[in-house]
Amino acid sequence: MHYYFISALRFTLYIAFRYLFSPKKQNFINVISALSALAVCFISAALIIVLSAFNGLENLVLSLYNSFDPDIKITANVGKSFEADSSLILKISEVEGFRKITPVVEENALLMYNERQFIGTVKGVGEQFFDMTGLDSLTIEGDAAIHTKWEFQSKANDSTLTPVLADCAVLGAGIASSLGIDLNNSFQKIQLFFPKRGRKVDMFQPFRNTSIAPCGVFAIQQDFDHRYIIVPLDFAAYLFDLDNKWTALEIDLDSGADFEQAKEKIQHICGSNFRVQTRFEQHALLYKIMKTERLAVFLILSFILLIASFNIVGAITMLMVEKKKDAMVLWSLGLNEKSIRRIYFLQGLLISASGALIGLVAGLLICYGQLQLGWIKINSNPEAPAYPVQVNPKDIFLTLITVLLIGALASWFRARTFSLTRNLQLGLLK
């Protein structure tokens with residue numbers, strides 16, 4: 001029985017191949033079949049290209065956020081700050097995969113420079129922050145450092161110059177542009193103002209204020225460039241009147257570390273009073289939007305493919321009309337009605353498969369050309385980087401399965417209507 005089924009399947013597949021590639025009496029059947037395969041080809045190529053473009057864009061966005069955000073961030077569940085606890089850092093450092101940690105003091109403040117004003121987020125960090133992030137490689141002007149060396153004469157009668165560390169700030173390109181920052185002007189500093197905490201309002205001096213010299217400008221993306229100014233931890237603690245308090249702990253893990261496992265262990269150490277978030281959870285809405293956009297585009301293209309599959313229905317219908325005498329001959333040779341239906345089903349499936357394979361190859365070649373030659377730029381600037389593209393094997397498999405599934409459904413829908421009895425009654429097989 002099994003051998004008979006395999007033999008029948010091979011025979012019907014052979015007939016389907018012959019019908020697909022042999023010339024037809026009516027040329028428009030060839031045209032419809034070619035157009036059906038061509039439509040499937042275009043949609044398959046579009047699916048691969050669009051999904052690969054989304055992969056590249058997602059990786060680009062993630063790399064930008066990864067250059068600033070920590071692997072794991074700890075904040076208080078209630079309030080904005082919590083008591084500084086060195087023993088907590090010591091316990092966290094024993095977690096498997098731990099690499100570095102820095103306390104953070106972060107709050108909004110008013111910035112002034114040359115009579116220009118800007119409300120930005122002042123982020124006080126430790127020196128480890130620059131080792132944990134890629135901010136140094138994204139600094140476009142000046143240096144990525146929150147301390148700089150100044151030389152001064154120690155005594156009036158001594159000519160020896162002694163270097164000392166002085167606080168300085170690294171700010172986003174958007175803030176630098178709004179304030180008109182000039183890094184070459186060492187005499188002009190940024191003035192920072194923050195309302196005094198826990199005291200009655202002093203109408204004459206309602207703000208705590210201090211100043212800091214700008215020493216670098218970074219450019220990541222608009223969310224960071226127009227928001228953050230990076231300063232030393234102690235400087236931010238003084239400005240915000242948060243002595244012995246932190247607003248967050250930022251943790252860097254080893255490259256291969258399990259984020260979720262590390263998060264669970266750190267959450268257990270910190271307790272229920274703290275919120276522990278991985279990098280993905282810190283921007284959960286952004287990732288959901290990107291996944292939703294990707295899914296929406298995939299569904300739209302799949303719907304277009306579904307509409308294009310009606311060409312396959314038309315091709316099978318025309319083939320049934322032309323091959324009505326062949327169907328009678330096959331029936332006379334012993335093929336039953338189910339086997340003849342299988343021939344037409346395989347005919348439609350072969351049209352979908354040929355279009356899908358050609359489309360996949362074409363889409364992969366276009367993606368490869370974009371990777372190697374950079375045909376399309378991110379913007380109109382000729383010097384701009386090429387639009388990122390990343391081909392994922394899962395997308396190739398998903399595209400192939402989707403195209404074949406829709407093609408199979410369209411072929412089955414038309415092939416199942418074939419009836420030898422009805423055709424004999426109508427005189428179509430005479």
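Q: Which residue stands opposite Y228 in β10?
A: Keep in mind that this is a predicted model. In it, T121 is the residue facing Y228 of β10. The pairing behind that is between strand β4 (residues 116-125) and β10, which run in the parallel sense over five bridges.

Q: Is strand β10 enclosed or open to the outside?
A: Buried here means under 20% relative accessible area. Five of the five residues of β10 (residues 228-232) are buried, so the strand is largely enclosed by the rest of the structure.

Q: On to α8: what span does the helix have from its first C-alpha to its last?
A: Helix α8 (residues 259-270) has twelve residues and reaches 16 Å, close to the 16 Å expected at 1.5 Å a residue.

Q: Which residues of α8 are buried?
A: The general idea comes first. An α-helix has 3.6 residues a turn, so residues three or four places apart point the same way. In this case the buried ones are A262, K263, I266 and C270. They cover an arc of only 100 degrees around the axis, which puts them on the same side of α8. On the other side, E264 and H268 are exposed.

Q: What covers the buried residues of α8?
A: The cover includes β1 (72-76), α3 (86-92), β12 (248-253), β13 (274-278) and α9 (279-282).

Q: And what is there at the start of α8, and just after the helix?
A: At the start, a side-chain oxygen of D258 comes to within 3.1 Å of the backbone nitrogen of E260. Just after α8, G271 has a positive phi of about 90 degrees.

Definitions and conventions:
Residues are numbered from 1 along each chain as its sequence is written. This is a predicted model: local features need pLDDT of at least 70, side-chain atom pairs count only at pLDDT 80 or more; totals for chains, interfaces and linings use all residues. Side-chain values use heavy atoms; hydrogens and water are left out. Helices (H or I, at least four residues) and strands (E, at least two) are DSSP runs, numbered from the N terminus. The expected span of a helix is 1.5 Å times one less than its number of residues. Buried means under 20% relative accessible area, exposed over 50%, partly exposed in between (1.4 Å probe, protein chains only). The arc is that of the directions from the helix axis to the C-beta atoms. Contact means heavy atoms within 4.5 Å. A polar contact is a pair of N or O atoms within 3.5 Å; within protein, one must be able to donate a hydrogen and the other to accept it, and residues adjacent in sequence count only if both atoms are side-chain atoms. Two strands pair if DSSP finds at least two bridges between them.
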